[in-house]
Amino acid sequence: MRAENVSPRSRFHDAPPEEREFTTVSGELVKQTYTPDDLRRVGFEYERELADPGDFPFTRGIHSTHYRGKLWTVRMFAGFGSAEETNQRFHYLLEHGESGLSIAFDLPTLYGRDADDPLSHGEFGKCGVAISSLADMEILLDEIPLEAVTTSMTINGPAAAIWAMYIAAAEKRGTPRAELRGTLQNDILKEFTAQNEYIFPPEPSMKLVVDTIEFSTHYMPLWNSISVSGYHIREAGATATEELAFTLADGIAYVQAAIERGLDVDSFAPRLSFFFNCHNDFFEEIAKFRAARRIWAREMRDRFGARNERSLWMRFHAQTAGCSLTAQEPENNVIRTTIQALAAVLGGTQSLHTNSLDEAIALPSEWAARIALRTQQIIAHESGVANSVDPLGGSYMVETMTSEMEQRVMTILAEVDDLGGVVPAIERGYFQRRIADSSYAYEQALAEQRKIVVGVNAHRSDEEPTIPILQMDPKGEGRHLARLARVRLERDPVRWRESLEGLERAARSGINVMPALIDAANAYATVGEITNCLRVVYGEHRQLLVV
Amino acid sequence: MLDVETRTTPIRVLIAKPGLDGHDRGAKVMARALRDAGMEVIYTGLFQTPEMIARAAIDEDVDVIGLSILSGAHLALFPKIFAQLRAAGLDDVLVVAGGTIPSEDVDPLKALGVAAVFGPGTPMETAVRFIREHAPLRGGE
Amino acid sequence: MTDASVDQLVERFRSGNRAALSRILSHVENDKPAGLRALAALYRETGNAYVVGVTGPPGAGKSTLTNALIRAYRARGTTVGVLAVDPSSSLTGGATLGDRIRMLENFDDDGVYIRSMATRGEMGGLSTAVGAATHLLDAFGFDVIVIETVGVGQDEVDIAELADSTLLLQVPGLGDSIQTIKAGVLEIADILVVNKRDISGADDLVRDLRNMLRLGERRTWTPPIIETLALKGENISGLIGAIEKHAEHLSETGELSQRRERRARQEVLRLARRWLSSRLADILDEPDVSAMLQSLVCREIDPTRVAAEVARRAAREQARAN
């Protein structure tokens with residue numbers, strides 16, 4: 001694959017322009033020129049398809065003032081090692097201008113295992129912070145003003161349990177739950193198809209999600225109970241269309257489940273949020289975000305009969321695409337991230353995480369994280385793109401792509417409906433097969449240089465990367481384990497046992513388990529003990545293998 | 001390096017995901033690429049312990065084991081995997097690895113017995129070719 | 001590989017060494033002399049295992065069902081060897097094999113052995129290697145051998161040849177209705193399993209299957225329809241009960257030995273055909289025969305004459321080899 005001196009398109013130079021195929025990153029055809037004819041072709045009509053920002057169907061944005069009223073939240077995903085180290089990183093980011101926290105957890109925590117579980121060996125703190133009990137959570141949040149800073153927690157399988165620890169920690173410090181502001185990712189459906197951080201089978205997993213939606217609807221009005229995610233679906237290899245369609249399908253499934261629990265749609269829908277990937281193809285991504293808002297508004301109104309305008313708003317967080325970053329010439333990743341961040345902003349994201357340049361190699365160093373932070377700040381304050389709402393609205397290309405994206409997505413939503421919904425589709429491997437196919441198609445495109453990644457399959461320099469890699473505190477794990485041992489020793493054993501028995505009873509009876517989880521958190525039951533308790537009741541999920 | 005011509009039967013490859021790492025995109029792509037190259041691929045799925053990997057490797061009598069790991073736990077897990085393989089008597093299996101493995105970790109892994117480490121951005125064809133050229137011939141003539 | 005080393009391998013096999021079993025399976029699958037020698041040595045130790053075939057359309061849950069069967073068998077102390085057969089790509093010759101994930105909870109149980117096999121382009125479904133692999137698992141000492149196949153193409157018919165009891169899995173709502181069950185498939189099933197019985201349409205499927213059975217030809221054994229939910233292990237005991245009942249029926253009526261005789265016959269035929277056809281291609285390249293082909297093309301002689309000559313040479317070669 002020696003392609004250093006060959007410019008990528010030279011393979012196609014022989015063919016005349018009209019015969020060459022130009023496609024987006026996802027493989028969708030792109031026309032040479034877009035004109036008013038294209039708008040007519042896709043049925044574009046300003047009032048119906050766009051409307052002004054803040055008006056249904058919100059294609060241009062959910063707020064009329066948008067960034068002029070409040071800039072997007074700079075929310076940088078962070079977490080590694082022990083709670084002390086991550087707490088330090090939180091303070092660093094807040095001091096340097098971050099406006100909201102986003103917590104990354106390590107693999108054992110993500111799978112509901114304690115740090116000393118045999119399967120946790122070698123995994124401590126590698127991709128996020130290790131939380132084994134309330135004691136760790138308290139240190140993680142030390143001196144963070146929880147009433148002022150919104151906290152996003154990227155956790156899914158054991159989301160309810162970790163959330164319970166967060167609530168317990170906050171209340172111990174005197175912040176009542178009703179004042180807590182933040183988001184729980186808590187999107188289990190995409191785990192079964194893309195990220196694989198599941199624990200229990202789909203049915204009980206959905207039940208837990210609805211428990212959290214119900215609990216937060218009643219007790220935590222400032223909390224977003226779920227962040228329906230497409231980011232991971234895209235990272236797994238899906239196209240932009242599939243990312244959007246599968247995410248919306250999941251969102252629809254959650255709304256359906258909450259309604260079946262007896263909740264009124266307008267009581268919880270305003271607190272649903274979304275999380276999308278932002279990949280390289282500038283216009284495709286912007287079209288995707290705009291289509292997302294339009295489709296969601298229509299689905300909520302027409303499928304679910306939501307009446308409150310806030311129920312129709314799609315609010316989303318975006319993260320620049322990790323899978324687009326390279327280990328080769330990592331400095332190039334700054335440029336990729338910048339372009340992707342720009343697309344997210346022009347797409348109207350509510351909050352944004354920009355990846356650090358060393359993301360493809362390891363956890364971000366302080367220096368790399370700062371560059372990522374500055375990227376957002378420069379876009380916000382120096383580029384002028386945030387001065388007006390939806391500046392690309394009306395572009396022949398962007399409007400056409402938005403409508404075409406919508407059409408493709410609606411086709412997929414209909415297919416999922418035909419299969420009986422998301423859970424039956426998961427059991428059939430529908431999403432998994434499409435993702436695997438798209439992923440392989442992309443790899444083949446790279447191999448044939450129909451798609452280019454600079455520095456990897458074209459314009460290579462073959463130098464070894466010399467980026468400083470974050471060194472974790474080697475004593476962190478020992479400290480954490482010692483704390484875990486102390487917690488087990490010092491907690492009230494009666495209270496601890498009763499809390500777990502109460503949790504098992506609650507789980508078996510089918511009532512909302514959140515109160516029991518908070519109780520167990522306060523009794524210093526560990527993440528592993530809580531998860532095992534639930535595993536006994538709910539069982540363990542076995543993945544359908546789709547290659 | 002073995003003469004590719006002397007092989008008349010498909011190469012059998014075990015693709016395994018050790019530890020808690022749930023990123024299976026690369027493993028799945030590799031499995032397909034190897035299948036398209038005429039090999040028989042057994043993909044173990046996620047959350048494999050060293051014992052499970054060794055057991056699968058023995059029962060399936062694979063020529064190659066491909067370990068895919070993106071969680072950073074490779075230095076902790078690979079020694080255990082190799083210990084299991086040795087205990088099972090699997091000395092002539094070709095072991096390769098792929099994922100987010102920093103370049104400074106490559107030598108320690110090779111010292112363990114990993115024949116090649118395919119980092120991020122490695123073209124599929126590079127890995128396929130390496131496996132085709134280095135998979136052991138099992139004889140039986 | 002020297003004869004002595006093959007014999008050593010066979011001895012290790014006899015002592016219960018799993019790696020030896022695996023290696024001999026590979027030699028057999030790869031049609032190596034070592035494999036043939038090992039199989040010849042071990043054949044007299046076969047004949048004890050009961051072979052269960054599991055087939056059905058993709059998505060029916062065969063692997064989950066096989067896993068559930070393994071669990072249930074192990075709970076009663078029965079050892080199980082499994083051959084999971086998947087099709088090789090006719091284009092590339094490669095294959096992605098076996099849903100092992102659902103079976104890996106048995107990884108440390110020596111009473112379970114799971115081997116994935118590709119069809120390797122054999123015309124007519126299952127390869128001859130599957131039959132040979134069955135013999136090896138039998139000789140190794142497994143009580144029950146489960147052969148799980150995809151069930152597209154001719155597989156279903158072959159599986160009935162290799163198995164004592166053939167289970168045909170169907171699932172409600174998969175899109176392929178009763179009408180699409182290929183002719184001949186229903187006839188070879190000894191037990192019909194309706195899996196995922198919790199899905200709507202299960203009752204209709206059962207009823208349709210019953211009707212089809214009624215309309216089909218009369219047999220001494222009426223295939224029972226067993227409804228299961230393999231994922232939760234529901235009614236697996238009922239399924240095993242049906243298998244045992246069928247086994248009883250086979251031995252009481254003498255059908256078991258009839259089937260096994262037929263199987264042996266088919267196996268011999270298949271092996272002989274394979275060996276012969278590999279000779280035939282070479283014979284066509286021999287100079288005299290090549291010349292005959294030329295005459296054939298010029299219409300000087302007819303095809304049957306050339307074919308007879310080729311067959312004669314093949315037989316003569318075989319006689320000399322013996």
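This is a predicted model: local features need pLDDT of at least 70, side-chain atom pairs count only at pLDDT 80 or more; totals for chains, interfaces and linings use all residues.
View 1. A:C127 takes part in no disulfide, and the nearest cysteine sulfur, which belongs to A:C323, is 17 Å away. With a relative accessible area of 30%, A:C127 is partly exposed. A:C278 is likewise in no disulfide, its nearest cysteine sulfur being that of A:C323 at 11 Å, and A:C278 counts as buried, with 0% relative accessibility. Both distances can be set against the criterion for a disulfide, which asks for a pair of cysteine sulfur atoms within 2.5 Å.

View 2. The peptide bond that joins A:F56 and A:P57 is cis, with omega about 0°, and A:P57 belongs to the loop that runs between α2 (46–50) and β1 (73–78) of chain A. A:F58, found in the loop between α2 and β1 of chain A, has a positive phi of about 65° although it is not a glycine. Most residues other than glycine have a negative phi, and most peptide bonds are trans. At 1% relative accessibility, A:F58 counts as buried.

View 3. A:E143 is placed in the loop between α5 (134–140) and β3 (150–154) of chain A, where its phi is positive, at about 60°, although the residue is not a glycine. This glutamate is exposed, with a relative accessible area of 64%. A:N87, by contrast, is buried, with a relative accessible area of 11%, and has its place in helix α3 (residues 83–95) of chain A. When residues up to four places away in sequence are not counted, A:N87 touches A:I139, A:L140, A:L141, A:D142 and A:I144.

View 4. Six of the six residues of strand β1 (residues 50–55) of chain C are buried, so the strand is largely enclosed by the rest of the structure.

**View 5. Chain C as the setting of the strand.** The secondary structure of chain C comprises twelve helices and eight strands, and its C-alpha atoms fill a box of roughly 65 × 50 × 40 Å along the principal axes. Of its 322 residues, 51% count as buried, and among the contacts in chain C with a separation of 6 or more, 77% are between residues 24 or more positions apart. The chain exposes about 15,100 Å², of which carbon and sulfur atoms supply 52%. Chain C carries 40 positive and 45 negative side chains, and the centres of these two sets lie 1 Å apart.

View 6. B:D107 lies in helix α4 (residues 106–112) of chain B and is exposed, with a relative accessible area of 58%. Its C-alpha atom is separated by 23 Å from that of B:T49, a residue 58 residues apart from B:D107 along the chain.

Methods:
Residues are numbered from 1 along each chain as its sequence is written. Chains are lettered from A and ligands numbered from 1 in the order in which they are written. Side-chain values use heavy atoms; hydrogens and water are left out. Buried means under 20% relative accessible area, exposed over 50%, partly exposed in between (1.4 Å probe, protein chains only). Helices (H or I, at least four residues) and strands (E, at least two) are DSSP runs, numbered from the N terminus. Contact means heavy atoms within 4.5 Å. Accessible areas come from the Shrake-Rupley method with a 1.4 Å probe; for residues, only the protein chains shown count as cover. Lys and Arg count as positive and Asp and Glu as negative; His and the chain ends are not counted. The place of a charge is taken as NZ of Lys, CZ of Arg, CG of Asp or CD of Glu.
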